[in-house]
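This report describes selected contacts, ring pairs, salt bridges and domain relations in one protein structure.

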Amino acid sequence: MDLGIKGRHAIVCAASKGLGRACAAALAREGVSLTIAARTAADTEAAAEEIRQTHGVVVTAVAADVTTPAGRAAILAAAPQADILVNNAGGPPRGDFRSFTAEQWMAAVNDNMVAAIEMIRGVIDGMIERRFGRIVNITSSTVKGPVADLSLSTAARSGLTGYVGGVARQVARHNVTMNNLLPGPFETDRFRGGVTSRAKAAGIGFAEQLERQRATMPAGRFGDPSEFGDACAYLCSRQAGFITGQNLLLDGGQFPGVF
Ligand code: NAP
């Protein structure tokens, strides 16, 4: 299916690896030119080059921390007329809810809520003027089904989810949509880090912990980041113009509820 976004320009934050990179690659495959950002310059340029070589689109790599005002300014300056924004950042640390300090709570709210809100504020009026905008926020399945050691993630991302729910209805008439993608377990560096820390806590090896987690998956496997990228590209498509303010869970059936 032609997604109708060839020639559009997308900002993809936190996109040198993992889910952000998969979203960037899926958009590039549709003929979308990109501004991709991550903190480590060499990794960001390497990802940009791989996408250029594979998909033949223009990709600008920006070494920037999206959780800082200076980082966001650098990203927005590199892409002053973005049609698509994919918000993403690293996830907050895991831990027992009793252990988190006020500083850690403020950092999680900054990194996983305020950073996305500020990026949205930076692009939204241009999208409204040009009568096309697609904003996708990478949040987490923990917004729908909280996980014991991820309370920082659940709470901060829930704030963003509420914001998107309200603002999406204010911009929908301008053909600007805003949706959240909620990843369950996808095989990325971050995911492998979580398996490692849980294995350590359980006093077992990585492979055994991985198997224990796999056994809980109705799909019998974890997600492939390319599946996540494909869902993102669809939400950014011309055809998805009537889908807004939604939270799409991608978890291979892990969440047990009907709705
Ligand atoms: P990942 O494989 O570790 O990749 C993270 C990417 O984000 C890297 O490119 C990293 O590059 C970049 N990044 C991190 N912090 C950044 C910052 N402050 N500014 C700019 N770029 C930044 O992680 P992932 O698994 O793709 O996860 C992406 C998001 O989805 C995270 O918030 C994670 O918590 C959430 N999530 C993931 C899963 C999963 O199963 N994978 C499940 C639920 C939620 P640099 O380090 O060079 O900046």
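## Accessibility and basis of the model

A residue is called buried under 20% relative accessible area, exposed over 50% and partly exposed in between, with a 1.4 Å probe and protein chains only. At 40% relative accessibility, Arg221 therefore counts as partly exposed.

The model is predicted: local features need pLDDT of at least 70 and side-chain atom pairs count only at pLDDT 80 or more, whereas totals for chains, interfaces and linings use all residues. Residues are numbered from 1 along each chain as its sequence is written, and side-chain values use heavy atoms, with hydrogens and water left out.

Helices (H or I, at least four residues) and strands (E, at least two) are DSSP runs, numbered from the N terminus. Gly133 belongs to strand β5, which covers residues 133-138. Its relative accessibility is 0%, so Gly133 counts as buried.

Contact means heavy atoms within 4.5 Å. With neighbours within four places in sequence set aside, the contacts of Gly133 are Asp83, Met127, Asn175, Val176 and Thr177. Gly133 and Gly241 are separated by 108 residues in sequence, and their C-alpha atoms are 9.0 Å apart in space.

## Aromatic pairs and a charge over a ring

A pair of aromatic rings is described by the distance of the centres and the angle of the planes. Rings of Phe, Tyr and Trp (its six-membered ring) pair if their centres lie within 6.5 Å; planes under 30 degrees apart count as stacked, over 60 as edge-to-face and the rest as tilted. This rule gives 3 aromatic pairs. One of them joins Phe100 and Trp105: the ring centres are 6.2 Å apart and the planes stand at 85°, so the pair is edge-to-face. Phe100 is buried at 10% relative accessibility, whereas Trp105, at 28%, is partly exposed.

The rings of Phe186 and Phe228 also form an edge-to-face pair, because their centres lie 5.4 Å apart and their planes are at 80°. This pair links distant parts of the chain, 42 residues apart: Phe186 is in the loop between β6 (176-183) and α6 (189-202), and Phe228 is in helix α8 (residues 225-235). Phe186 is buried, with a relative accessible area of 6%, and Phe228 is buried at 0%.

A charge sits over a ring if NZ of Lys or CZ of Arg is within 6 Å of the ring centre and within 35 degrees of the ring normal. Arg8 lies over the face of Phe132 in this sense, at 3.8 Å from the ring centre.

## Salt bridges

A salt bridge is a side-chain nitrogen of Lys or Arg within 4 Å of a carboxyl oxygen of Asp or Glu. The whole structure contains 16 salt bridges. Glu49 and Arg52 form one of them, at 2.7 Å from N to O. These two residues are 3 residues apart in helix α2 (residues 41-55), so about one helical turn separates them. Glu49 is partly exposed, with a relative accessible area of 31%, and Arg52 is partly exposed at 23%.

Another salt bridge joins Asp149 to Arg198, with the closest N and O atoms 3.1 Å apart. This pair links distant parts of the chain, 49 residues apart, with Asp149 in the loop between β5 and α5 (151-171) and Arg198 in helix α6. Asp149 has 19% relative accessibility and so counts as buried, while Arg198, at 25%, counts as partly exposed. The side chains of Glu227 and Arg221 also meet in a salt bridge (2.8 Å, N to O); Glu227 is partly exposed, with a relative accessible area of 32%.

## The two domains

Domain bounds come from an automatic or database domain assignment. The chain is divided into domain 1 (9-184 + 229-246) and domain 2 (187-222). Their C-alpha centres lie 26 Å apart, and 9 residues of domain 1 are in contact with 6 residues of domain 2.

Buried area is the accessible area (1.4 Å probe) that two parts lose on being put together, summed over both. Between domain 1 and domain 2 it is about 540 Å², of which carbon and sulfur atoms give 40%. In domain 1, Lys17, Gly91 and Arg94 lose the most area to domain 2, together 60% of what that side buries.

There are 2 salt bridges between domain 1 and domain 2. Lys17 and Asp189 meet through their side chains in a salt bridge of 3.9 Å, N to O. A network of salt bridges links Lys17, Asp43, Asp189 and Arg192.
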